[in-house]
Structure formats: C-alpha cells, structure tokens
Amino acid sequence: MLRHARKPPGRPAHGHVWPFIGLTAAALSAVALVPLQATASQAASYSAASHGAATSGSTSFPSGDRVDLRVLVVTDGSAPVEAIRTELGTEGVPYTLLDLNDPNRQQLTAAYLAGSAGGAPEAHFEAVVLPNNAPTQLSSAETAALGAYEATYSVRQIDAYLYPTPAVGLNYPSFAGTLDGMTANVTADGTANAFPYLTGSVPFEDIDPTVSESYGYLGTPNPATGTTFDPLVTMAIPGSSTQGVLSGVYTSGGRSELVNTFAYNANQAQFRALAHGFITWATQGVHFGYDRNYFTVDVDDTFLPDAEWSQTGHCTPSDTICPAGTPDTTPSRMTPDDVTYEVNWENANSYKLTMLFNGGGSDDQVAATGSDPLLTAWQANRSGVLEWLNHTYSHEFLGCQQNLTTIPWSCQTDASGNVVWVPQSDITSQISSNVDWARSKGFSVNASELVTGEHSGLMTLPQQPADNPNLAPALAAQRVAWTGSDASREPNQRAVGTSTLTVPRHPMNVYYNAATVSDEINEYNWIYTSAANGGSGICENNPTSTCISPLDPNTGYTSYIVPTEARIALSHITANDPRPTYVHQSNLSQDRILYPALNAILGDYRSEFAANAPIVEQTLAAEGQTLQQQSAWAAAIAAGTVSGYVQGGKIHVTAPSGLDVPVTSPNGTKNPGLLGGNLGASPYGSSYASELSAYKESQGNGFTLLLPGYSGLLFGPQ
C-alpha cells in the first residue's frame, strides 16, 4: 500500500488557521474618526535658527552636532501612533516611549530633549512621532520646547493622524468619510522623498462592506506665507477631479511635519505599504534597523500521496476517524505533467518554490508499480526549484506514540502512566535515510535543514505539551541546525536542545487534503460556517473567528478564499517577517488550486511595490539566521547595550563585539578605509527599496560608516 502523509485527526485541518477576515473587520478598522488636537489658534510656530548651516552628509542635521539614532514616540494610545510604534519595532528602530496618559510621565523640556557630548551639542532623538500636530495633553511649555528642539537640530516630526486645518498648511476638508476600496496616489515628491519602493498606487482595503474600516479627510494645500506644504500621498476627492491630501509635509519656522489625515492601524494594508516610508522620511534615511519583504513557499510531502477530503463524511479517510460507512477517497499525488506545469509557472513568474521531500513515497511507488515517473520528471527539473528540503524519509510521526482511537488523538502511556516516545533511533533513521536517498538520486540537499512530518517531535498542544526528549539528541547527532515548526502553534523561534533552532512556518488555508476546488470549498464551508448553515459549527465556539455565509461551490474559491489568503500572505510579507509559508504537494496536483492564490499574492504585491523592492526568498537556514539576528538585535536594544549617532558626516555605532547590527542609510554610504576616511573606503550594504542596509558585525566596541557627501580622506572630523 502506498504511504500517504497522515495528519493529526484532532485538528480540523493540517495547517489550519483562522483567517482575520470577517473576524474582525471592525477590530481591524481604525477606530478614531476625529483626532483630538489643538485648534489653529493653539498651534505654535517656531523660528529658532539652526546653529549650523552645514548639514551632516545627506541629512539636514547640523554638521558638528551629535544626533542620536533613537526616535521619540509620544503616544495617547490611539491606533495611528501605535501603528507607527509597531513599525519601528518591526524594523528594529530603537525608540523611547512617552505615554500621555501616564500622570507621572516625563515632561518634555529642553534638558530632556538635548544636551552635550564631547563638547558638542547633542540631540537625543533623530525624529519625533506625535498623535497629531499639537496634542492637548502637552503643556504650552512642552510644545514650545519640542518645537524649538526640532528647529534647532532639523529633527522631523510625524503627526500620526489629524484633522486638516490652516495650522498645518491645509484647507479644511472638502471630504470627510470612509475611504474603503478607494485608491491613493503617491506623488512625484512622495516617490523621491519617502516611498521610492512603491509603484504609485496604494489601494485602501475593504474587507467587510458593512464596516467602515478607514476613515479620513481630504483637503487641499493652502500654506500661509513663509510656509510650504508638499503633498506626498493624495486621493481623488469624490465627485471631483481634485486630489485631496492624505499625507504631506508641512514646513514652517524651520520645522518639518509629516501630516497624515487618514486613520489607520498596524494591520491595515494601506498602512503596511506606507509604513516604511514614514520611517524613512522621519529619520532622513539614516536609522538602525533592516527591512525586507520576505515570501518563501514550502511545498510539503513531495513524492508522497496526500489523503483527500471526503465531502460525504466531512473528514479525511485513512487520516482521521470518519463516520461509519464513509467511502474511501483517492489520495492525491503529483504527476510529471504537474512538474512541467510548476517549472513553467516558476519561470514565467520569476519565483521558485521550495520542495520538501519524502523519499519513501517514491520508493513505495517503485515497489508497487516498478517505476516512478514523478521521480524521473523531478530529476530532469531538479534545479528548477529554490531548494530541496529534508521532510523525513516516510513522514512518520516523531513525537509520542499516538493512540489514534481517540478524538483527538492522544499519547500512549506505559503501565506506569509514562508517555511512550518514538525512540531516537527511529528519528535518526528518518532524517539520515532521506538525505541518503536524495543524494543517491542526484538531488542537492543541505543536511543542516529539516522539517519533520507534521512538525512532529516538537510539542503539540494539547496532546503533547513537551518535545519528544529523544528529538534534540537525534538532531544534534545529525547536525541539524534548523528545524521547521508551525507558526500557528509556536510563532517565535526557540531552541531544541543545544544545537538546533526552530524556524516557524505560516500555514495557508489551502488545505493539505484538497486537490480540487470542490473539496477545498466544501472543507472551508465545513469549518467556517455555522451548524445551522450546514457547517461544523467550529466557528461558533472559537473566540478568534466568526462564521461566514456558505461559499458558492462554483465561485467561492476565487471570490473569497483566494483574496483572503492573498491578504493574509501580504500582511506577513510587509511585516519584515522571514517565516516561510507552507502548503502541500496535493495543492499542485489535479486542479492545481495553489496557483490562483500565488498569482494573486505575487500580482497584488508587484502591482503596488516597485522593482527596487522585490520579494525576498530564502532557504530554511537563511530564514533561521534572519530570525536569530532579529532576536539578538531586539535583545540588545532592550538591554541598552547598543547606541549610535550621526555627527560630522558619519554614522557612529557602539555595540558589543560580535553583534550583527542592522543599519539603514542612503545610497552612497561607505565603509571607511583603513585610516577612517574615504581613502580605501568600500561600498556599504546591499540595495533595497532605494536604500542601503545590512547586518554589520560589530568589531571591538562598534564601527563607523561614511554618509554620502563625507569628504575626509583620513580620520576627518568626529
């Protein structure tokens, strides 16, 4: 009998996640309609002159002054300012939080905002984020101190969300209302100064037509004499051809403010598209942090057949316990034609899938029929994929010995009540046999990478609350450094023993047991519709989901499931998240239902993001290393062991030796030469989104970088 990839009967579907679709368009919506801010008469302007006309490299910071690489976030807890704070954390930009709702909070004074270091003036923050242009919780003295500070040091300010008024260079709005489903436009100045990584169009999502998800105001520029307003993002005012401002730069009295007139939260697609540009503009393109748009797709169970969903029993025969009398279904396995289709699709879309293989499936096919045409097809096209990744030889469950007579399954115990674990020898055999098989067939594999079948061996709640104690020593013996885990169960990277780190993987709701559109919709309806509507009712009892109306069997996949999965995937892509997404080989067979989802994801992304910000694919090892770097950097920020500043056309970084420090800077930034200047300097980082960035290892106590325009051949000014 051919093996098939058996999944745990205790879960509705392997890799099942609750989509944040109907769940909560309301929860996802930006709740504030009218921001609380000062009136025009309360807004102050500042004329404090910068005490140095020269600027620091490509920034406008005074050349001789020290400007620390840290952002001041002044929050009132509203969604827009919290969204920007989230983005700072996502990218790895250090910030100091000042909570306006805290009665014991720090007051904004000249001494708090600035000081001196090494005999030079020191600005403690390179950018400021406020809820709006003049929060009522700040005293007039605080507002004055902040304005003077920004003018003196050329520090920029983001006004997270406000009502357009002449106080910020805008007419009162010509339109106020819901922006759902409308499209914003990035202006030429927006592209040049904040959003070079966008193509120019930013769609505002409309998840639920019954809910107002994004409210905003559209006004036109009307700056007073001596001030300017530069629109960066606009939208056509309904009923006219005039473009109203959604985001733009108001400059007055030596200060620059990024003014946003639409509400948003950290999860909304339009914010996710614009968020990096907000940070780039505010920091003048110089900041700690490293941002990429990652998307790697793992295809599990290659060479195995996957069990298929039963629409009769609403179960998966031979994989889950089905009602008596449920007829068997035919497992799904790719064919040579499916291989040809995949390779042609990859070439046409400039995108490659990662194939996770189980060599035992091919050996079973040969034993049963004498040959395996699928193996032959893949051998001819083995270089057409991103990588071949070990998924164990026969997909055996490597945790506890399972008792499959219970729903959900449970761990078997011995006479003393102790859990019976799969032995280390079995785990070792599953890992090594698959590597040996692959190499004997001509496939190149990295033996340090592994994803076990069902992520088994790792803890699986609620049935198996701990890792199989035999897993870590088996991984160490096989020199496995990276092993996949399920991000819906364990979203964070963790250690398995002393030699291995996990790489959490996002499941996609294109089910492992669905090779046809009909089966996918039937199972989706079973999970996400109420009992009264013919579903299982699971959605009625799960706090993270709401029930939906049954999907149309003919159109529901393309009209609902595909756009929902595309939206979820794009939320990961635009969150600096290197975790891969996983699906199954069954989704590439028969109806090939994965491709419409991939086409939507890639199409939506490439229509909004420019070619200078391509999707980044990584191997499992590279994904693990990226997560490790992100975690180490976050820990260093929390511990206060890293700092940096801009001065004299240089970026100065202090960090523990050996720490990989993420720094983003403008094009033209260089690593200094041996004598600390341009003599012998080398290019810094890699280009992405029209910026340079890298994780640079700290040597000794840190390092320096030369900003564009730095002219010293040797040490130069410090």
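## A buried glutamate and its partner

At 0% relative accessibility, glutamate 150 counts as buried (buried means under 20% relative accessible area, exposed over 50%, and partly exposed in between, with a 1.4 Å probe and protein chains only). Keep in mind that this is a predicted model, where local features need pLDDT of at least 70, side-chain atom pairs count only at pLDDT 80 or more, and totals for chains, interfaces and linings use all residues. Residues are numbered from 1 along each chain as its sequence is written, and side-chain values use heavy atoms, with hydrogens and water left out.

So who does glutamate 150 pair up with? Its side chain meets that of arginine 255 in a salt bridge, 2.9 Å from N to O (a salt bridge is a side-chain nitrogen of Lys or Arg within 4 Å of a carboxyl oxygen of Asp or Glu). Arginine 255 sits in strand β14 (residues 255-260) and glutamate 150 in helix α4 (residues 140-153), so the pair ties together parts that are 105 residues apart in sequence. Helices (H or I, at least four residues) and strands (E, at least two) are DSSP runs, numbered from the N terminus.

Arginine 255 counts as buried too, at 6% relative accessibility. Glutamate 257 also forms a salt bridge with arginine 255, and here the closest N and O atoms are 3.3 Å apart. Both glutamate 257 and arginine 255 are buried.

By the salt-bridge rule, the count comes to 15. Another one joins the side chains of arginine 85 and glutamate 82, at 2.7 Å from N to O. Both lie in helix α2 (residues 79-91), 3 residues apart, which is about one turn of the helix. Arginine 85 counts as partly exposed, with 23% relative accessibility.

Serine 154 is found in the loop between α4 and β7 (156-159). Is serine 154 buried or exposed? At 18% relative accessibility, serine 154 counts as buried. Leaving out residues up to four places away in sequence, serine 154 touches Ser60, Phe61, Pro62 and Gln284 (contact means heavy atoms within 4.5 Å).

## A nonpolar patch

Leu674, Leu675, Leu679 and Leu713 make a nonpolar surface patch of about 470 Å². Patches are made of residues with over 30% relative accessible area and no salt bridge, where like charges are joined within 9 Å and nonpolar side chains (Val, Leu, Ile, Met, Phe, Trp, Tyr) within 5 Å. Leucine 679 has its place in the loop between β29 (670-671) and β30 (682-683).

How values were computed
Areas by Shrake-Rupley, 256 points an atom, 1.4 Å probe, with all protein chains shown as cover.
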